[in-house]
Every structure is written in structure tokens, then in C-alpha cells.
Amino acid sequence: MSSSSPVTEAPGAIPPETPVRGRGPTSGSIWKDARHQLSRNPVFVVCSLVVLVVVSWALFPQLWTSLGKLECDININRTPPSWFPGKTQPGYDADLDGYVLGTTTLGCDMYSQIIWGARPSIVVAVIVTAMTALVGTTLGLVAGYYGGWVDTVISRITDIFLGLPFLLGAVIFLALLKSQSIWAVILVLVVLGWTQMTRIVRGTALSLRDQDFVEAARAMGATNGRIILRHILPNALAPIIVLCTIYVGSFIAAEATLTFLGVGLKPPEVSWGITIAQGQDFAVAGFPHLLVFPCIVLVVTVLSFILMGDALRDALDPKGR
Amino acid sequence: MGRYAVRRLLQFIPVLIGTLFLLHYLTTLSFQFNGNPVRALFGDRQPPPETIAALTRAFGLDDPCLSQPGNPCVGMFVERVGGYLRGDFGVDFNLQPVTDLITRAAPVTLRLTLLAIVFESVVGILAGVIAGLRKERFADNLVRISTVLVISVPIFVVGVLTQIIFGLYIGNWVRDRTESETMEAIFSISYQSDHPWASLIIPSMVLGATSLGIIARMTRTELIESLRSDYVRTARAKGLKPTRIVGIHALRNCLIPVVTLIGIDIGGLMAGALITEGIFNIPGIGGLVFRSVRTGETPIIMAVVPLLVLVYLIASLLVDLLYAVLDPRIRYE
Amino acid sequence: MRHISLLGIVVVALTPMLNGGTLMRRTKKWLSLVPLTLALVLAGCSGGDGGDEPPGGGEPDAQAGGAFSVSSSEPEAFAPTSNCYSSDCSQIINLVWTGLLQVDPETSEQQLQMAESIESEDGQHWTIKLKDGFTFNNGEPVDAASFVRSWNYTAYGPNATQLGFFLANVEGYDDLQGEKPKAKELSGLKAADDLTIEIALTKPFSQLPLVLSYAPLGAPMAQACLDDLKACNEQPIGNGPYEFSEPWQHNETITLAKYADYADQDTAGLADEITFKIYADLKTAYRDFQAGSLDIVTPDPSQTPQARTAYPDQILEVDSGSYAYFGFPLYEEAFSDVRIRQALSMAIDRQAIIDRVLDGRFIPALDVISPFVPGSREDACDTCSYDPEAAKALFDEAGGIPGNKINIWFNNDGGHEDWVQAMAQGWKNDLGLDYEFKSQPFTPYLAALDTRSTVDGPYRLGWLPDYPSPQNYLDPLYGAGSTNYGDWKGPEHDQFLELVAEGDAAATVEEGLPAYQAAADVVLDNQIVIPLWFGKTFIVTSENVENVEYSPTNQLLLAEVGVTS
Amino acid sequence: MPESDILQAGTPADSKAVASLYFDTTAPLLDVQELRVDFQTKEGVAHAVNGVSFTLEAGRTLGILGESGCGKSVTAQAIMGILDSPPARVVGGKVLLSGVDLLTLNEDARRQIRANRIGMVFQDALSALNPVFTVGWQLGELFRKHRDFSRKQAKQEAVRLLDLVGIPAAGQRVDDFPHQFSGGMRQRVMIAMALALDPNVIIADEPTTALDVTVQAQIMKLLADLQAERNMGLILITHDIGVVADVADDICVMYAGREVEKADVYAIYDSPAHPYTQALLESIPRVDMKGQQLASIQGLPPNLTSMPSGCAFHPRCRFARERCREDTPPLYTVTPGRLSACHFFQEVLDS
């Protein structure tokens, strides 16, 4: 688990080596109980609301701001909102109307930049998470269920990618790709991100493979494919879903970090990572609002996803009651 | 266990060769599609072709297959690996042997990693224990929220803020009040080669922050589970002191997955130091690789990254072996 | 981005900085090379703005002794010195080695150092007599052989030195090239006796002394150094006013102390010790400065506003001669209409971008020739001032751009994003033009430019002149040279070439100026490029040091820096 | 309380000696009076133990009988003072050990009572033993922490104890880990651990549940022998009425946190005075009733947070009438020393 990489880390709440406890066949009641428990968990409710709001920014930014994606005026750049505490640098102390969060390095409205920036950040995180889950689950199930040489090959390949330090790997891949579109970032994050999911699902599949209900299905002549899909997968689903919520959060942070390193998304795309990366140099040299607002949004969003994952895990873990 | 270790060690070979080839192919493709990085050394102006040729040759980038897009240059790869076996890892664009660069950078990164591991383990486990013992109370919530916070705030923000707060504000305050060079080094802005440990303390805290959060959360979860376990109840029935029950009986069991996590983290920390090293001007491995990626100094990428993979592999092997030591129920055949 | 100027070369090394570096990061010093053409082009180039520095020559009134520290980047190499190409590196070479001659910072006259005389009858055969009594740090005498040794090493192809081609006009150079060269030594180079060097060139070249004044090229090499280059690289053996007091601490520090046996008291340094602290990121260096552990620092551009507020009296800001512009792919139909090019130029609010995004570290370009050199004018470009209405009118008149969208090309590892975006945003606001960034690292970017067909939109380039002549802002950029990436050709181009040639043929620079200016007008009238701005260097000094000066050739004069108690 | 103060002052090594000064040897060995334990749950307060009283004399064995969830284990843990609180809380009653009320002692004093005076054998020895330490270490720990023995001495003691409980080759097995023992052997280790410091009382909580029948008998015999040999009081908690029959002197039947019948073992087996006891007895397979339908108790134990009104057993009771729904039956004295919490105990006796 690499400390530098937000992606490999945050999910570390569930360590790769943690043996996943085999559960009996999933009954509807686990999910029903979980739903019941979650709906009464204030943390989960608040976090879901945050996520909903952010997702609505990503889907319908126009609902939240009347300004276009890049309506900027560099003559008022880096100006903090009038209510913002602290001393302002001379020349940047204009008393702006209508800029509740001030302006960015390039003189765009910080508020609308944050709204518009949600889409790439969320799109990257969601697509990468989905792809990672797909690839990781498939390989993990196959490796864990079949074992033998299939497992060995998949595990060794996993080792190669796990051993590649996440950030360095991303920097290398993105530098070599030389394209820095949103798709390149997604591709690289998936290429480097599938390993953990694979290991965890493999562990689950491994522990489920020899359980009685699987043996029973096998005895009744079910094909391997059917056993994997109908018996193993449903039982592995809970940890996968929990991991996914954590992944979404950490991929949002990963996008920001890559952008900071200069290998992530690029203007004129608007993303939180770009806003933070563009603002952070100046932020620590006298323009704190450039960092404060986008960071708060980023942190609250990531936090919401991770806490949601936590709550989900607690709800799905029968031992936690 | 010996045979198990040997088998695992043997499995390193395909993984390492795989890593090397992956990197080789990526850098080859980059050369083929992006052009000769030597050219960029001279910027806008076109130097005489023989100069480019001489430099390209000196850097070992003169293989004709590099001008055939898509060609994986297997011959070149074999040659390279052969060179590695002879201890020849090539030179960088300043004609410095890559081995020199690594021997200079590795100890620094190693120190940083060590400090980070000590920091994240001690503080992380402590925070996790406090949270676990005070489940759902203030201390627990504080630890939970703050650990998620360090996980979710981008490391570069944490790093720069730490540098400014500790290095500049607190640092200036300290410098006004102490003559102690060690204290000054601890609160210095950047790495001081005269104080190779002290000046790495604060950077190591930044580096370890993310893992600290994970370790704390994991310790907490494991401890809560452990405290509910039968053997802790037995320990209580044995009339042991609470400190002993938690510190020996419960914690010893929780530590198994936590140690795993820390072990796997070693590899990640060494490379993950990239951003921390950049912020605190620490001349370590992360910066070296980052530079080489930017300039296209293939020999550095090709030597350092597999090295990091190797560190990761060794760390995870050690962890697995340690696992067996910590948990007597596990046996490796 | 590190702009590193070699004689005739702008080496833009890829940024070692984490955050992609920043525009014109290391533009501050022209190398010692600059003098080269100073003299070439003239005598009267009173330089850029030397400002009101103390009267020239000897020692200023700063006191001797003490120690100070300077921020630096990791140098490339010291053995051989000819692998040293960054300005930070040659800054150190200037202190540790003394070459044959230097160009006086104030008077721009050649000052002989190691050389007793440098003479040639025909400009092709040169005889250099050396002064006696100079020694290397290890006691070896600085003799003719030490220079010959250095240049032979530099020129030898397989040694792959960065500066080897500077000696391309020495007889026998070609025999030293290739994978298996025919010879190991330049046939045109001879140590006639201990103190006499004879150089034979392939053709007359009157500026040879100036080339040799470039420290990394002109530094002699001790035999002990050649015997063990590796050791010499770590603990260089020089002959200059300072020497390494401890081996090179890579990526950490380089500490220089005064060389006790330095024979020339006129050029000896003031401070006892100079420490170069090596940073990968300028931002850290500036914070170290804030914490009081550095004396001379170049802040990151983002730190400029804060530095201006915090240290208003400790800032040194000097024109650097660097020049930023956008070129047009003239082979593209969309940019073939001059009105489009003019409209784009006029829709850039240069002053606003400089003030708001670049923190006043540049001056708007109203000419393609920097005010740093003679011949620059303040009203050469009519279409380089911000005039959104006129721009829009012109743009519409020309029928706009097909698809109403352009691709903007620049390298993304030089910290150009912000201002390029500000510029592009201006186009969008004023011309309604959509844009997309085609940014990539420097290597593929140059490769794309080299094809002269891939790039399909305005492309960013920067220029750091090799010598302060208007000619250097013209011919290498639009001439038959290599950076005419836009493939400018046709009658106007021919006219341009003729005018430059006319200027080159003039007897003096002054006489050539009208021709150069006319050539510049051809460029501007046709808006072959969009001139953006000229750079300034910006350093902050602590109260611990005094007499921190730039030479008119834009070099920090470290040997003259004094330390206040 | 003076006792507790002095107990507190004692060091681990001499605590037993100090504490014993204040123990009244004439008082009953263990006298539990009206013990009440509540659990705080999300659904509300659960009264897990609802006024349990019993007395245990030295050398005697008390069997506590009941279905799972009836409060047996909670009672035992409340006596030991090892309940998790929260959620559990002792809300009333006394636990007198030789006259000293344990519930009023401070935590440190209680801690020293454990193992020194009351030992406990747990149900599932595999999970009750710490998996990562050797059994020798876990046994020795008692001596090292309570008696200040050296590691070497402690190990010798551990070997002696293992030998005592009948583990073959004790000298070698002492360095084995719990998972390396068979189920029966593990349970012997548990017993050794409970015995280690020579306690006056041993509480065995379902000591044989997870074992097969032959091993069960061995373990019960071991417990009985040791108890007789050392004249200890033994509390045997079980849901299996067959297990206690041979060993126990007295039986206390619990239902829904209350004792419903208390009597000596012969009386109970002879003629139960409570319908629940009766039902329990009927549910054991007996050789002499081979071929007949085996009776089982209808329904489930009640939810502790919403106890039925009146007699908690009435929804499952075949003798239940209107009165049972309204009046909570007190403990009627059936015969001297024999108690039953049933309004209609006579009817039950007669049936």
C-alpha cells in the first residue's frame, strides 16, 4: 500500500491482507437491515446529501450557477471575497459584488469554478471506480476461484502493478502517453488502480470457494461460471461496494494530486484539481482563499464518500452490531 | 518456512523481469513517438547533428530500433538486462553513472521512510488505541474525523502548509529562542545535510500522515473487535490490569494486520516521498525518478523503478514471514 | 523552466521543478558568453541598463571577509567543465576557474586573465601567450598544456560534451567525431611551449577570444583532473579565486572558499566563503530565505507579490533580454490571412496579463527586438497594443477562423498554463474564439514543431539572446536558421533575409541598425509572430549582503558581493 | 468500606493474604442476593438478570440451568465483575464472598479477587485462549502478575498445572499454542488456568458444550475430582440438564433473568416444581423412554426488553391461567430449602 497515493491508501481502511470473513449466502435481510440502519445514521444521511449535491453540480452545473464555464476577467483575479478575513495583497483588494467566494488565479468566479469543476472530478472518479471494480472483480474472482496457475499469473501481474509506486507510475504513464485528456487520466488511474480491488476480491473468492454452499452448488452440477456469478459474486459484493465508495473519494483526491504534479487534467478543462493546483502557489504566498475554498469542497466531498463507505461497512458487517 | 521463502524469492524474478520489460517498452514507445529527448537539451536551437549523435550514443539511445515506432526493441532490452547483471546501469544526461545517483539518493529516502514509519506506527497505533478504547466518544470521533481528513486532504496541501507553519512561523519563533542547532534543524524549511535526521522529522510526518490515518483507523477497528473477543474476557477473568489486557492481550492480536499494512507501506513510502521530497528539497529517490521522467533519462527510470518494485516485493515477503511469527496459527509450506 | 544560454543556444532544460517550473525561471543570467558579441557587435553597447552602479573596475567599497549563501540548481558537471550548460552551473565555474580572458562587466572591454596576449595575423592562426605563476588548486601550473588538454577533451566526439561543437572551426575537429574517430587530438591545437598555445582554424574567425571567454569552454584542465575525471568532478581542481572547500554535496550544497594561492589580487573575491544551496524547487528556496537561511534568492513567480510587499528595499530587478512570443503555422490556411494574425495580437491585453498573472516580471513587447539591445523601438509594432474593438473588427472582416476554434500549442512543463490561459481567455472574450490546448512536454513539443506540419495553431516559444545584438533577435528566429517553425517563406521572407544580410554586412552595429529595424518591421507588418513580452530578472537579497549587482550582461557578480557584519 | 481500602493497598503478591484477613470464614462462601443486571440496548433497557439469589458453600456444586439468553452467563460474569459496561450495568443486589460484598469493592480490589479467589472456566476454549501466546505463557502469566514469579518459576508452575489437569507430556506441550491442542485438551488448559491460583470458587460456564460426549464426561469428572480434592465451591452453568445431574449438589433453574426453581438435585429430578424445569427435563432423551416422542419446549424465550407481564414463562406454559398473566409469582417455598416461582407449583409437582 503506497502512502503517497491517495488511491491505494484511503481504501486501506480495509487492508489488502485482511482476510475477508466468509459469509453465508446473502439474504435480502442483510441489505434490508443495512438500509434500515443507514437511514437512521446521521453521518450517513449527511454524507449522502453532500454527495447528492456534488453529483448535481456535476450533472447540472447550470442549475447552480448562471456563469459559463470560463467567464473570467483577469483584471479582478486572485481577489478574495469581501467577507474573507485577513489582509489582502495590495492591488487585489477590490470589493467585488457577486463573487461570494472571490475570484481564481485567472479571474474566474471561484464559486462557479467549483461548480463547473465538479464534473471532471466526479466523472474521473466514478468512471475509474467503475472500471476498477469491473476489472478487479473479474480478475479477483477468476484468480481466487480457479487458483492454480491462473491465480499465479494474475497475482504476479498484480505484483508488478502494486509494486509500481502509484504516483510515480501515474507520472510515468501520463508523461509517456503525452496526452492529458480526461480519458488519459482515467486510463492511467485504472491501469494502476485495479490491483487492490483484485487482491481483495481474490481473498474473498478464496475464502468462499471452499464454503459449504459453494460445495453444495458444485455437487448439484452447477458450472463454474454459474457458481462464480450466482454464489461467489453476491457474497463478495458487500466489500466491493464499500471499497467503491472509498475509491470514489480517493480518486477525486488522486486527480487533484496528478494535476498538481502537472500530469493530470489541463486547462481549459475546469476541475477541482486544476483550481487547487493553479491556486496553491499563490495561496501560501498571500492569497489563502485560492486554496481554502476548493480544498474545503474537495475535502468535504472525499470525506463524505469515505464516511459513507465506513457507515456502509458497519451496516453490512454483522459483527459490528 | 525456508522453502516457502525460497519459492517466493524465485517468484521475484518473473515479476522483476516483467517490470523491467514494461518500463523498457513504455520508454521505448515514448522515444519512438515523442522523439529523442537529447534534442530537448538544446532547446530551440538545433545543435549540429554530430553533437546530437554523440550524446545519444553516450546515453545508450542510439539503437536503430528506436526509430521504428512500435518496435519493442527486444535486443536492446536483452542488452540492458545483460548490463544490469554486470552492474552497468547506464548514465544520466550529465554522464553520471546511475548507480552513483542511486547511492546518493537512496540513503536519504531510506532515512525519511524510516522516520515516517516510526511516526505513523507510533502515533497511528496510539491514536487508534485511544479511539478504540473510547469508542463513539469524543476522542474516538476526533481521531476518526482527523484521520479521514489527512487521508482526504491532498498531500501537497498538507506538505506546503506544514512547511510554512512549522518551518516558517514556529520555526522563526524557535530560531529566535534557541541556540540549539538540532532544534533549528528540526524546524528548518528544507533538508539540511548537516542534520540528516533532525531535518527529516517534519517531512517524515507529512509523508507518514496519510498512512497514519489508515493505521489509526485500522488499529481502532481491530481493537474494538479484539476487546469483544473471548480471550480478552479470559484475560479479565485472570485479574490482569487493564493496561496489560489492552497492551498485551488485545493489541498483540490487532497488530497482525497493522504490521502487514506498515510493511507494505515501506515500498510506497519510498516512492511516495516524491511530493514530500519536492516540497522540503530532500534529494531522494522520488525526485530523482520524477526528474528522469520529465527529461526522458531512461536509464534512471529503468534502474530506480524496478528497485522500488523490489523493495516492495521484499517488504511484502518479510511481512508475510512476519505474519507467521506474529500469528502462530499461520504456517507456510 | 531553466533557460540556459550557451553561446548561441538557448537551452531550455526540462524543468526539474516539481510544479512544472515557471515561466522563464532561470532567465536571470546571461552567461559570460554574452560579452562575446558585445565586443563583436561593438564597442558602444553600453549594455542594457547597467543602472547606476558604482564606477567600474576594481574593488567596490564593500568589505572583505564573511560568508553568504545563494540559491542554485544542481549543476550538471565540473569535469569536464564543458558539460556545464546551465547558468547556475557556469556561475560556479566563473568563481572556481579563471580562463584566458573575461569581458569587463562595466566597460565591456576584454580583460586578459590567464592570457598575457592573444594575437592573430589573419584571424585564422592564433597565438596565445600565458602569464606565468598561476597554479591549480593542486599545485599544478596553469600552462599551455592545460588548455590544450581541456579543449581536446571537449572536442573529442565520444566524450559527448555538450559544448564540443563550439570548437567545430578548429582544424582537425572533424577527425575527432563519429563513433570511432580517426584522431584523439585536434590537429590545429598545439602547446608550442609551456606558455604558448597555437590554434589553427579552418577559416578566419575574429571572435575566437570571445568564444574562449565563455567560462565552461575556456577553463583549463589539470592533468590530475583528466587522470581521474570522476574525482575531479566531485572535488574540482580549478585555478580561480575560489575553490571547493569540500566535495560537491550533490543536490545539497556546494561550498566555496577563497583560493589562498590565487595570483591575481584584482579579481580575487571579497567574501571568505560562498555557499550555493541547491534547490529543486524555487519556492522552497524563497521560504528558506524567509527563514533567514539564505542571502540571495530568486523567488518563484508566485512569490513575487509577497516578496515585493515584504522586502521592498531588498529587491533587484533587471532587464534580462528574454523574449516570449507566439508563432503562427503559416502553412495552415486559417492563419494565412495577416488580419487574423493581427487580430489575435491585438486581442491580447499584455499589460493586464503581466500585471495580474505574471506579477510585473515582464514588460510588454512592442517590438521583436528587446529594449535590452540597441535598435529596439517603443513604437515598432502597431498591432501589439490591446485594442479589442479593432481586433474584433479585423477578425470579422477577415472572416474569422474556420470552426471558430483554435488549438494553442505550448510545452506544459514550463509553467506556462496560467498566462496562456489568460491570453486564450482574452481571445475568447474579445473575439468569441473557442480554444483548446495542445500542450505537451518539451521533447514531443519540439518534435512536433520540427515537423513543420503537425502544429496547427499558434505555438509558444521563448528566446534568450546569445549576444546583445538586434541581429540575434532576428536571424535565429525567422532566418534560414532553425526556429522558423511556422515555415515563413515567400517574397516578404526574402525581403527580410536581404535586410538582415544588409545589417550583417554593415561596418558597425550602429550602421546596421536601420536595416535590422527594417527587417523587424517586415516581421511585424506581416505579424509573423505575436510578440508578447520581454523578461526581467528578479532576486531578493538579505540584509546580510551588500553590493549585489548584475553586470550589464546580466550576470550576478558574486565575487564582488560583500558581507555586512 | 475498610475492607476495600486495605485490599486496594495490597500488592499483587500479598493481596490474597491481606484480603483474607477480612474475609469471614463463617459466612457462606458465596452468597448472591437479589442480583440485577441491565443492558442498555438500542431497543431499550434489557433486564438480563432480574433479582437472582443463591448461596454456595465450600465443597458444594451449584448447577445453574437454563436456555441460552436466560441470564446464566451474565450472572456469572457479574460475579466475576467482567461484564462489558457499557452496555451492561449491575443495578442492584449483593455478591458476598465470605461476607465481603464484591460489588462495593473498587476495581483494583475486584481485579485481585479474580483468579485469586474466583476462577472461571469458559465455554469455547479455542476462542477463550489467546491464539498468539503459548499455553505455558498464558498459565504462567497468572503467577508472574499475581505472585511475582520469575519467568522460569512461572513456567514450572504451568507444567505442574498442565500435569495436574491430565495433559500428557506437559513439559513439552507447555510451549504449544492453543490451536495445537484438541478440544478436550484445550478445555483442560482452561481448567488449569482457573485453578492456578487456588481459588475458593470456580465458575464453569458451559465447560463442555463444544465437546463430544466421551470428552464431556472426562472433563466433568476432572472438575468434580479437583473440586472435591480442594474443597472448592463450584458453580456449573449449563443448558444441559444431563450434565449437571451427576455432578451438582444443588440446582438453580433460571428463566428470563430470574430463578424459577431452586432445589437439591435429587428433588428436582424426582419431581420438578416449576413447569419450565419440567419442560427441560422432558426434553432430555432418556434410555428408559426409548421409542417415545421427545418433548420440546414450545416457543422461544422472551425478549428481555419487553418481558411478558406476570410470569415470564406464561406464554409457553401448559399450566398457564389468567393469574399468571397478571401476577408475577414470588418464590414460593415448596419444602424447606426448595423454592419455586410458580403460582401453581403444587399442581406441577403432582403432575
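## Notebook: cysteines and surface patches

I began with Cys232(C), which counts as buried because its relative accessibility is 2%; buried here means under 20% relative accessible area, exposed means over 50%, and partly exposed lies in between, with a 1.4 Å probe and protein chains only. I noted that this is a predicted model, in which local features need pLDDT of at least 70 and side-chain atom pairs count only at pLDDT 80 or more, while totals for chains, interfaces and linings use all residues. Residues are numbered from 1 along each chain as its sequence is written, chains are lettered from A and ligands numbered from 1 in the order in which they are written, and side-chain values use heavy atoms, with hydrogens and water left out.

**Entry 1, disulfides.** In chain C, Cys232(C) is joined to Cys225(C), with an S to S distance of 2.0 Å. The torsion about this S-S bond is about -90°, so I logged the disulfide as left-handed. Cys225(C) is buried, at a relative accessible area of 3%. When I counted the bonded cysteines along chain C, its disulfides followed the pattern 1-2, 3-4, 5-6.

In chain A I looked up the disulfide between Cys72(A) and Cys108(A), where the S to S distance is 2.0 Å. Its torsion about the S-S bond is about 90°, so this disulfide is right-handed. The pair links distant parts of the chain, 36 residues apart, and I place both Cys72(A) and Cys108(A) in the loop between helix 4 (61–64) and helix 5 (110–146) of chain A; helices are DSSP runs of H or I with at least four residues, strands are runs of E with at least two, and both are numbered from the N terminus. Both Cys72(A) and Cys108(A) are buried.

In chain B the disulfide from Cys65(B) to Cys73(B) has an S to S distance of 1.9 Å, and since its torsion about the S-S bond is about 125°, it is right-handed. Cys65(B) counts as buried at 9% relative accessibility, and Cys73(B) counts as buried at 2%.

Which cysteine sulfur is closest to that of Cys244(A)? I found that of Cys47(A), 17 Å away, which is too far for a bond. Cys244(A) counts as buried, at 17% relative accessibility. Cys317(D) is also in no disulfide, and the nearest cysteine sulfur, that of Cys342(D), is 5.9 Å away. I recorded Cys317(D) as buried, with a relative accessible area of 16%.

Patches are made of residues with over 30% relative accessible area and no salt bridge, joining like charges within 9 Å and nonpolar side chains (Val, Leu, Ile, Met, Phe, Trp, Tyr) within 5 Å; a salt bridge is a side-chain nitrogen of Lys or Arg within 4 Å of a carboxyl oxygen of Asp or Glu. Phe60(A) sits in the loop between helix 3 and helix 4 of chain A, and at a relative accessible area of 45% it is partly exposed.

In chain C, Asp132(C), Asp193(C), Asp194(C) and Glu198(C) form a negative surface patch. I located Glu198(C) in strand 9 (residues 196–200) of chain C, and at 31% relative accessibility Glu198(C) counts as partly exposed.

Note on methods. Accessible areas come from the Shrake-Rupley method with a 1.4 Å probe; for residues, only the protein chains shown count as cover. Lys and Arg count as positive and Asp and Glu as negative; His and the chain ends are not counted. The place of a charge is taken as NZ of Lys, CZ of Arg, CG of Asp or CD of Glu. A disulfide is a pair of cysteine sulfur atoms within 2.5 Å.
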